[in-house]
Amino acid sequence: MEENKNIPEELEEAEELEEAEELEEAEELEEASETEAASEAAEDTAPETENDDEDDAASEYNDTAAQYADIEEKLAEANDKYVRLFAEYDNYRKRTAKEKTETYQNASVQCIEKLLTVIDSFERSLEAECSDENFKNGMQLIWGQLQNFMTQMNVTEIEALGAEFDPNIHNAIQQQDGTDYASNHVCAVFQKGYMLGDKLIRPAMVAVAV
């Protein structure tokens, strides 16, 4: 009887064991299914992630290219402004330098022009007869100083006697015939002419052979 009583208990234990095994298999199947689903989801998500990364990289590249183009445009504008400013300053510098030179030269011309009448008178006085040698030598010395001053000021006498007549530097007040000079050449000088560099101070007053 006791053996018969143990039989149902064994059967019950066997059933419980079988149910536990079935439950364990079910859990294993469920876990395997979840793992497979997760793997498939990861595979499906990977291309999307790669696409997102590519889109982000393209967007970043476009932003950088736009910033670079903007910088290049601003640099070109700044360079254009600099070139224009430099050209304006260079023109201003040249213009002011020219004006300064012309102002100095015009002032020098006016000064020399007023001095020429004194030089003319002084030169004529040297041609006058003088019995006092000391006085004459003193006058010659002063004349030499005047000549040196004219040279330092870059003042030169205009070539006249025997030169071909040039209306730009000669002022003809007479025509003379029967001279030893060729036609249209200066045969007499009544007043010397002078130049300051390449600028005319006073034309030479001359007679022209015909």
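Leaving aside its neighbours within four places in sequence, which residues is Leu116 in contact with? The legends below start with that residue; the model they describe is predicted.

**View 1. Contacts of Leu116.** Met150, Tyr194, Ile201 and Arg202 are in contact with Leu116, once its neighbours within four places in sequence are left aside. Leu116 also belongs to the largest nonpolar core.

**View 2. The largest nonpolar core.** This core has 14 residues, and those that touch the most other members are Leu116, Met150, Val155, Tyr194 and Ile201. Two or more residues come from each of α1, α2 (133-152) and β4 (194-196). With 6 residues, α1 gives the largest share of the core. Another core, of 5 residues, lies apart from this one, and its members include Ala160, Ala204, Val206 and Val208. In soluble globular proteins, nonpolar side chains tend to be buried together.

**View 3. The largest pocket and its lining.** The volume of the largest pocket is about 180 Å³. Its lining consists of Asp120, Glu123, Arg124, Glu127, Val189, Phe190, Gln191 and Lys192. Sorted by class, the lining holds 5 charged, 2 nonpolar and 1 polar residues. At least two lining residues come from each of α1 (2-127) and β3 (186-191). The largest share, 4 residues, is supplied by α1.

**View 4. Cys111 and Cys187.** Is each of these cysteines buried or partly exposed? Cys111 is partly exposed, since its relative accessible area is 47%. Cys187 has a relative accessibility of 10% and therefore counts as buried. A disulfide is a covalent bond between the sulfur atoms of two cysteines. The structure holds 0 disulfides.

**View 5. Asn154 in a loop.** Where is Asn154 found? It sits in the loop between α2 and β1 (155-157). Although Asn154 is not a glycine, it has a positive phi of about 65°. Its relative accessible area is 46%, so Asn154 is partly exposed.

**View 6. Asn184 in a loop.** The loop between β2 (170-176) and β3 contains Asn184. Asn184 is not a glycine, yet its phi is positive, at about 65°. Asn184 counts as partly exposed because its relative accessibility is 34%, and a residue must be under 20% to count as buried.

Conventions:
Residues are numbered from 1 along each chain as its sequence is written. This is a predicted model: local features need pLDDT of at least 70, side-chain atom pairs count only at pLDDT 80 or more; totals for chains, interfaces and linings use all residues. Side-chain values use heavy atoms; hydrogens and water are left out. On a 1 Å grid over the protein atoms alone, a cavity is a set of points where a 1.4 Å probe fits but cannot get out, and a pocket is an open set with protein on both sides within 12 Å along at least five of seven lines; lining residues have an atom within 4 Å of a point. Grid points are joined across faces, edges and corners, and a volume is the space filled by probe spheres set on the points. Ala, Val, Leu, Ile, Met, Phe, Trp, Tyr, Cys and Pro count as nonpolar, Asp, Glu, Lys and Arg as charged, and the others, Gly among them, as polar. A nonpolar core is a set of buried Ala, Val, Leu, Ile, Met, Phe, Trp, Tyr and Cys residues joined through side-chain atoms within 4.5 Å. Buried means under 20% relative accessible area, exposed over 50%, partly exposed in between (1.4 Å probe, protein chains only). Contact means heavy atoms within 4.5 Å. A disulfide is a pair of cysteine sulfur atoms within 2.5 Å.
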